[in-house]
Structures are given as structure tokens and as C-alpha cells.
Amino acid sequence: MKNVKSLTATAIMIFTVACGHRNEAFDQKPDSYLEKEKTEMENKPALDSIASSFISSTAAKVNGKDSLHKFIRAADIRFRVKNVVNSTYSIEDIVVREGGFVTFTELSSQVDNVSTVAVDPDTSLETTHYTVVNTMSLRVPNTRLDTTLKQIAKLVDFMDHRTIKADDVGFKLMLDELNQKRWRKNEQRIITDIDKRGKKLDESINGEENVLGKQQFIDETKVNDLSLMEQVNFSTITLAIYQRPSVKKERVASEKSIDAYEPGLGSRMLTAFNSGWKVLKMMLVGLVQLWWFILFCSAGWIVCRKYFLRTKPKMNA
């Protein structure tokens with residue numbers, strides 16, 4: 001009896017210790033999970049920073065202290081996203097929020113393959129493999145290009161390529177400005193010369209034409225400079241985004257075989273009999289139409305038999 005009590009007490013102690021360890025392990029599990037989640041949350045900004053630096057570049061940044069160089073910045077990027085439609089809306093919101101605008105967007109589904117398998121006599125399963133893509137052209141202020149690209153980078157699932165370029169047009173704008181000043185001075189001298197020698201009609205006409213030519217050159221240069229400055233102030237972003245290929249399965253009606261519409265054997269034999277009868281009638285009509293030929297041949301045969309084909313006399317034995 002004492003042995004039984006001892007064994008029972010020992011079993012109770014082992015069970016209690018085991019439960020205690022189990023509860024301790026259970027209590028420690030949430031702490032490790034929270035620690036792991038905290039580590040992931042701390043690393044997420046770092047991952048976003050890596051993605052942002054990958055899609056952006058120092059060529060997209062504006063140096064406010066540099067007043068000599070004026071850059072036309074443009075970015076050309078192609079990448080994969082989780083969902084093209086949702087990413088398109090997100091990109092448009094980003095551009096508007098940064099003070100830009102969308103100049104072009106073309107959302108489409110590119111069909112890669114279509115296969116059809118018959119599942120019933122009148123039903124088939126059509127499987128379509130397609131890829132959703134979108135091509136976009138965006139314009140954003142040049143001071144917000146780097147920020148815009150970093151926000152778009154958060155949507156990237158896989159990067160195909162990115163090209164960012166900055167063309168310096170500062171010296172061209174400076175040269176155009178100097179040329180305009182020089183042409184304006186020359187224009188003013190010609191106008192003054194015309195006023196002094198206005199009595200000579202030919203010289204006045206040539207001088208007026210010269211002035212008009214210079215004014216046209218100045219206007220074209222000014223418009224070209226305004227276009228360049230607009231490209232300097234607003235950078236261009238060209239995006240080509242796509243998602244993983246998708247599959248769409250749909251049950252469609254099967255096209256019936258032409259054999260199902262073929263007539264039966266009896267109907268086909270009756271049709272053949274009618275066709276033969278028509279051929280026979282056509283032959284009889286053709287013979288009737290050739291009555292003159294038949295008559296001519298018969299008369300010729302009679303004449304030949306009577307006059308040319310005489311029978312030879314039999315020889316006596």
C-alpha cells in the first residue's frame with residue numbers, strides 16, 4: 001500500500017513539473033514572436049530605403065545652389081507589380097500629390113495563349129493566358145522628381161530596368177539669350193537706318209524684310225527657350241508596368257461538327273437519283289439538238305455503202 005502511494009505521489013510531481021515547463025515555454029513564445037515582428041518592422045524602412053535608392057538616382061536630385069546648370073531630367077523605368085490596376089491608381093495619386101500630372105496612360109491585356117478543350121458534346125473549356133500591362137507618361141516638378149521616384153519604388157515587385165538622364169541646357173539657354181540681345185540691337189539699327197533713308201522705296205522694302213526676318217528668328221528662339229524651360233521645370237517619367245501572367249477559364253459553347261448536319265442515306269440516294277435523271281434529260285436534249293449531224297452521218301454511211309463498199313464476188317471451189 002505504501003508503494004502505491006509513493007508511486008502516485010511521484011507521478012503527480014512529474015506531471016506538475018512537466019506542466020510548469022510547458023506553461024513556461026508557452027509564456028515565452030509570444031515574447032519571441034513579438035521580438036521577431038519588431039525586428040521585421042525595424043527592417044522594413046531599411047528595405048524601403050534600398051528599393052528607393054535602386055529606382056532613384058542622384059541624377060534626379062536638384063542642387064539648389066547651382067544656378068549655372070539647368071537640367072532636363074527624364075526617367076524611363078520598367079518593372080513588375082503585384083496588381084497593375086491598383087498600382088496605376090496609386091501612381092496617379094502620387095503624381096497629383098507631388099504637383100504633377102499624367103499625360104498618357106494605356107492599360108491593356110496582352111493575350112499570350114488561348115487553348116480550347118471539349119468537355120461535353122456542346123461545351124468546351126476555354127483557357128486564356130494573359131498579361132496585364134500599362135504604359136504611362138508622367139510630368140512632375142523637377143524638384144519633386146527624386147521624391148516621386150522613391151514613392152513609386154515601394155510598388156516595385158521586380159525591376160527590369162531604369163534609366164535616368166539629365167541633359168544640361170543651361171549654356172544653350174544662355175547662348176540663345178545673348179543671340180536675342182544681339183539680334184535686337186541689330187534690328188534697332190536697321191529700323192533707325194530705314195527712318196533716315198525712308199525716301200528710297202527699294203531700300204525701305206529690303207530693310208523691312210530684313211527686320212521681319214530678324215523678328216521671326218527672335219520669336220522662334222524665344223518659343224524654343226520657353227519649351228526648354230518647361231522641360232527643365234517639369235521632368236518626364238515614362239513607366240512600363242506589368243504583373244505576373246494570369247489565367248482565365250471559361251466554359252463556352254462548342255461549334256457543332258458539320259457531320260451533324262449531313263443528310264441521311266435515303267435522302268442522299270434520292271438526291272443522287274434526281275441528279276442522274278437531270279443528267280439523262282440533258283443528254284437526250286443534246287442528242288435532239290444534234291439531229292442534223294446524225295442525219296448527215298447516216299446519209300454519208302448509206303452513200304458509202306452503196307457506191308464504194310461493194311461486196312467481192314465469191315470464188316467457185
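Helices are DSSP runs of H or I with at least four residues, strands are runs of E with at least two, and both are numbered from the N terminus. This is a predicted model: local features need pLDDT of at least 70, side-chain atom pairs count only at pLDDT 80 or more, and totals for chains, interfaces and linings use all residues. Residues are numbered from 1 along each chain as its sequence is written, and side-chain values use heavy atoms, without hydrogens and water.

**Exercise 1.** Find which helix gives the most to the nonpolar patch.

Solution.
- Start with the membership rule. Patch residues have over 30% relative accessible area and no salt bridge, and nonpolar side chains (Val, Leu, Ile, Met, Phe, Trp, Tyr) are joined within 5 Å. A salt bridge puts a side-chain nitrogen of Lys or Arg within 4 Å of a carboxyl oxygen of Asp or Glu.
- List members. Among them are L270, W277, W291 and F293.
- Locate the suppliers. α6 (265-289) and α7 (291-308) each supply at least two residues.
- Conclude. α6 gives the most, with six residues.

**Exercise 2.** Classify N134 and F293 as buried, partly exposed or exposed.

Solution.
- Set the cut-offs. Buried means under 20% relative accessible area, exposed over 50%, partly exposed in between (1.4 Å probe, protein chains only).
- Take N134, in strand β3 (residues 123-141). Its relative accessible area is 1%, so N134 is buried.
- Take F293, in helix α7. Its relative accessibility is 42%, so F293 is partly exposed.

**Exercise 3.** State which residues N134 touches, leaving out those up to four places away in sequence.

Solution.
- Apply the contact rule: heavy atoms within 4.5 Å.
- Read off the partners: V84, T88, T105, E106, L107, L239, A240 and I241.

Technical notes
Patches are made of residues with over 30% relative accessible area and no salt bridge: like charges are joined within 9 Å, nonpolar side chains (Val, Leu, Ile, Met, Phe, Trp, Tyr) within 5 Å. Accessible areas come from the Shrake-Rupley method with a 1.4 Å probe; for residues, only the protein chains shown count as cover.
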